[in-house]
Amino acid sequence: MTPALETRELTIRFGGHVAVDAVSCAFFPGQLTAIVGPNGAGKTTYFNLMSGQLRASSGAVLVRGRDITGLDAPRRARLGLGRAFQLTNLFPALSVLENVRLACQARAGVHYEMTRPWMARRDILAAAHATLARVGLEGRAGSAVSALSHGDQRKLEVAMMMALEPDILMFDEPTAGMSVDEVPVVLDLIAQLKRDASKTILLVEHKMDVVRSLADRIIVLHNGKLMADGPPAEVIASPLVREAYLGAAA
Amino acid sequence: MRLLSGDPPRGWPARALVVLVALALAATPLLFHGAKPLEVAEKICVMAALAASYDVLLGYTGIVSFAHVMFFGVGAYGVGLASYALGPGWGAMALGLAGGLALSAALALAIGLFSLRVQAIFFAMVTLAVAYAFNVLASQLPDLTGGEDGRSFRVPELLRPGHHFGHWLGTAVTGRTLTYYLVLAGAAALFLVLLRIVNSPFGRVLQAIRENPLRAEALGYRIVFHRTLAVIVTALVAAFVGGLDAMWLRYVGPDTALSFSIQIDVLVIVVIGGRGTLYGAVVGAAVFVIAENYLRALIGAAATATADLPLLPNLLHPDRWLLWLGVLFILAVRFAPRGIVGELQRRHDEGRRS
Ligand SMILES: Nc1ncnc2c1ncn2[C@@H]1O[C@H](COP(=O)(O)OP(=O)(O)O)[C@@H](O)[C@H]1O
Ligand SMILES: [Mg+2]
């Protein structure tokens, strides 16, 4: 089976610092892979290399067997690589609805249409409202992004990725900084997406109970290197991981 | 509402202001006599449309360009040089305008693709260089452009001051009246086109690019193309406005069509009117052009009144009007950074929320 997403010896250097060091790994449809590792391990950088925000120093990224190392972020997004950012990354002066609507518009492939007002595309507007409802933000459609709580901004971040209906979804600490009662909304959403066997999901998450309940597989990054890769029970039990990561976190 | 693309000014104060300017411009030939008010009104029309197109770049897309007036000049020279070379006629003007539009689009495409991939500041520098080169070129090719002196040319019979259509409501309707209404209609149509563009799906992406270019890319928008297209479309509008203005002036030269001081005026108009509002360009142009034309007189009167005091008459000399406009500008930026229309709309929005 061709992997949905694959990296081969993927490496990036910042000056002398190797933030991602020859990581080779393949991700398959229907699988949720949790990526764990201490802060600064290179998880976000690994995501940036795959979704195109950063260019690799060496190595390759493949989507469904096709080498996409030379493509920029917009083209990768169009190939179905979706990304929810760790640091909330929205359009601050625009309304909540408009943030999602722009994602729905991109999904509909409407890029340069300039002869009709945006309201004329009712299909896009309807899709935006539907997406907001999925993350429980339908009541906040008219709000300014800056008026949202941190947790709601995280939900909007996730909604914008979902609006693109990507085959490959990369969640970077989606629940970080959320209040306890907000976390289940996002986790339910991920669990729901997971039921769709065509989706390939990558999840960076620190909460071990979350990882245990959602992940089919865990990979461990440490100092930019891939340290372990396997079923959750096995990886969590390995002495290496206990020492390098869980020991420090627990 | 359809004409305004569902985006009228928000709140009655902003609405009233825009309507007032529009009505005053429409009625100027009937309300006032003599050449001066019509000159002022024509300048307001031209600057409003030109500033509105600049606002699409600056206020909506977040691009700083110093070459916007260059495109205005390309349109003006197109109409002027074609009429000069081919003799007066509608065909010559249309041909010149078409040439100006084509050259503007080609230049905008080249500048955009060349420099918008890199940082925004690089684009600003490139536009500055290109606009400067164009200015020099226009002055250094006297055989083609008339050099520093520019070119005076004749317009079709119907548009000449000597052509009398008769009287209406006690006013003589001449070729100048017709020319004025052509400029007004052209400027209004271009404004509505811009309003449609900023409210289109494409225009919405421009605002997203202004807010967060990297996020726009992550959604799949190839922002170089959006930015370049924005530069091309606004260049076309600027060139069109330039053609209209040349037709009114019956003259084209570096001072009226390419000068950097026009570029500064456009920037000031967008800022005092309100960036990213489009309507701000209309209100800003009216305020600016009226101040430019009547502030001198006002200050002159103040100088006479204070003639016995030390220093003040000197500061109030009519030639210092630009200084006072500068002071007004600084005060406006300090106390109403959103500009006139932006500030009025903000108050309206906040009133509705509470
Ligand atoms: N743009 C950059 N320039 C320089 N160093 C960077 C850059 N991005 C990340 N790094 C470094 O790479 C390392 C990995 O960071 P990151 O991927 O954010 O870690 P994680 O997401 O696992 O916490 C860190 O040491 C960080 O300082
Ligand atoms: Mg991180």
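Across the interface of chain A and chain B, 15 residue pairs are in polar contact, both residues at pLDDT 80 or more. A polar contact is a pair of N or O atoms within 3.5 Å; within protein, one must be able to donate a hydrogen and the other to accept it, and residues adjacent in sequence count only if both atoms are side-chain atoms. This is a predicted model: local features need pLDDT of at least 70, side-chain atom pairs count only at pLDDT 80 or more, and totals for chains, interfaces and linings use all residues. Residues are numbered from 1 along each chain as its sequence is written, chains are lettered from A in the order in which they are written, and side-chain values use heavy atoms, with hydrogens and water left out.

**Chain A against chain B**
- The contact (heavy atoms within 4.5 Å) takes 34 residues from chain A and 27 residues from chain B.
- The two chains bury about 2700 Å² between them. Buried area is the accessible area (1.4 Å probe) that two parts lose on being put together, summed over both.
- Phe91(A), Tyr112(A) and Met114(A) supply 24% of the area that chain A buries against chain B.
- The interface has two salt bridges, each a side-chain nitrogen of Lys or Arg within 4 Å of a carboxyl oxygen of Asp or Glu.
- Glu157(A) forms a salt bridge with Arg215(B), with the closest N and O atoms 2.9 Å apart.

**Domains of chain A**
- Domain 1 covers 1-80 + 168-250, and domain 2 covers 88-165. These bounds come from an automatic or database domain assignment.
- The domain centres, taken over C-alpha atoms, are 25 Å apart.
- Between the two domains there are zero salt bridges.
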